[in-house]
Amino acid sequence: MPLVKKRVTVAAGATSDQILQGTTYEYVDPGTRLVVAAADASGTYSGDVVMNFTVNNAEFAKDATVSESVTGEAFGWNNTGYVMNDMITTGQVRNRPVITFTNNDAAAATIDVAVFIGG
């Protein structure tokens, strides 16, 4: 199963770039499973970082609060506390998943994100 894993820093009041932009998986085929996991790794959790996730303009998550990263706990798909979405694309043409994070806090936030593709 392919994996796109990133650590992104989002300035206060800003929105991240599209997570899959510029990767091989910016567009995926019909019937592709996408599992999105995310955690706020800032160290000062405020609960003010949210995720938005769309595929072909259909919303799968809107302003979903990102959980705090737990020290000593592995980050990834197997830990269901970090999984924010698990879906299968249904578009009959190439599908474009768009995942962004918005930081509504007064300080910068660091987000760990993993997108598992297929499987």
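Analyst: The discussion below goes from the overall fold to the sheets, the cores and some single residues.
This is a predicted model, in which local features need pLDDT of at least 70, side-chain atom pairs count only at pLDDT 80 or more, and totals for chains, interfaces and linings use all residues. Residues are numbered from 1 along each chain as its sequence is written, and side-chain values use heavy atoms, with hydrogens and water left out.

User: How many helices and strands are there in the chain?

Analyst: Helices (H or I, at least four residues) and strands (E, at least two) are DSSP runs, numbered from the N terminus. Here the chain has zero helices and seven strands, and its pattern along the sequence is β-β-β-β-β-β-β.

User: What radius of gyration does the chain have, and what would a compact globule have?

Analyst: The radius of gyration is taken over C-alpha atoms, and the globule rule is 2.2 Å times the number of residues to the power 0.38. For 119 residues the rule gives a value near 14 Å; the chain has 14 Å, which agrees. Along the principal axes, the C-alpha atoms fill a box of roughly 40 × 30 × 20 Å.

User: In what order do the four strands of the open sheet lie?

Analyst: Two strands pair if DSSP finds at least two bridges between them. The four-strand sheet is open, has the order E1-E7-E2-E5 and is antiparallel in its pairing. Its edge strands are E1 and E5 (83-88), each of which pairs on one side only. E1 and E7 pair over eight bridges in the antiparallel sense; in E7, Phe 116 is the bridge partner of Leu 3.

User: Which strands stand at the edges of the sheet of three strands?

Analyst: That sheet is also open, with antiparallel pairing and the order E4-E3-E6. E4 (58-65) and E6 stand at the edges with a single partner strand each, so one side of each is left without a neighbour in the sheet. Five bridges join E3 and E4 in the antiparallel sense, and Val 50 has Thr 65 in E4 as its bridge partner.

User: Which residues of the largest nonpolar core touch the most other members?

Analyst: In soluble globular proteins, nonpolar side chains tend to be buried together. A nonpolar core is a set of buried Ala, Val, Leu, Ile, Met, Phe, Trp, Tyr and Cys residues joined through side-chain atoms within 4.5 Å. Buried means under 20% relative accessible area, exposed over 50%, and partly exposed in between (1.4 Å probe, protein chains only).
The largest core has 23 residues, and those touching the most other members are Ile 19, Met 51, Phe 53, Ile 99, Phe 101, Ile 111 and Val 115. Strands E1 (3-10), E2 (33-40), E3 (49-55), E6 (97-103) and E7 (109-117) each give two or more residues to this core. The largest share, five residues, comes from E7.
A second, separate core of seven residues includes Val 35, Ala 39, Phe 75 and Phe 116. Of the 119 residues of the chain, 42% count as buried.

User: Is Thr 100 buried or exposed?

Analyst: Thr 100 is in strand E6 and is buried, with a relative accessible area of 16%. Leaving aside neighbours within four places in sequence, its contacts are Thr 15, Ser 16, Asp 17, Gln 18, Val 50, Met 51 and Asn 52.

User: Why is the pair of Phe 53 and Phe 60 described as tilted?

Analyst: A pair of aromatic rings is described by the distance of the centres and the angle of the planes. Rings of Phe, Tyr and Trp (its six-membered ring) pair if their centres lie within 6.5 Å; planes under 30 degrees apart count as stacked, over 60 as edge-to-face and the rest as tilted.
A search of the whole structure finds one aromatic pair. The ring centres of Phe 53 and Phe 60 are 5.8 Å apart and the planes stand at 40°, so the pair is tilted. Phe 53 is buried at 0% relative accessibility, whereas Phe 60 is partly exposed at 38%.

User: Where does Asn 56 lie, and what is its phi?

Analyst: Asn 56 lies in the loop between E3 and E4. Its phi is near 50°, a positive value in a residue other than glycine, and Asn 56 is partly exposed, with a relative accessible area of 36%. Asp 63, found in strand E4, has a positive phi near 55° and is partly exposed at 44% relative accessibility.

Technical notes. Contact = heavy atoms within 4.5 Å.
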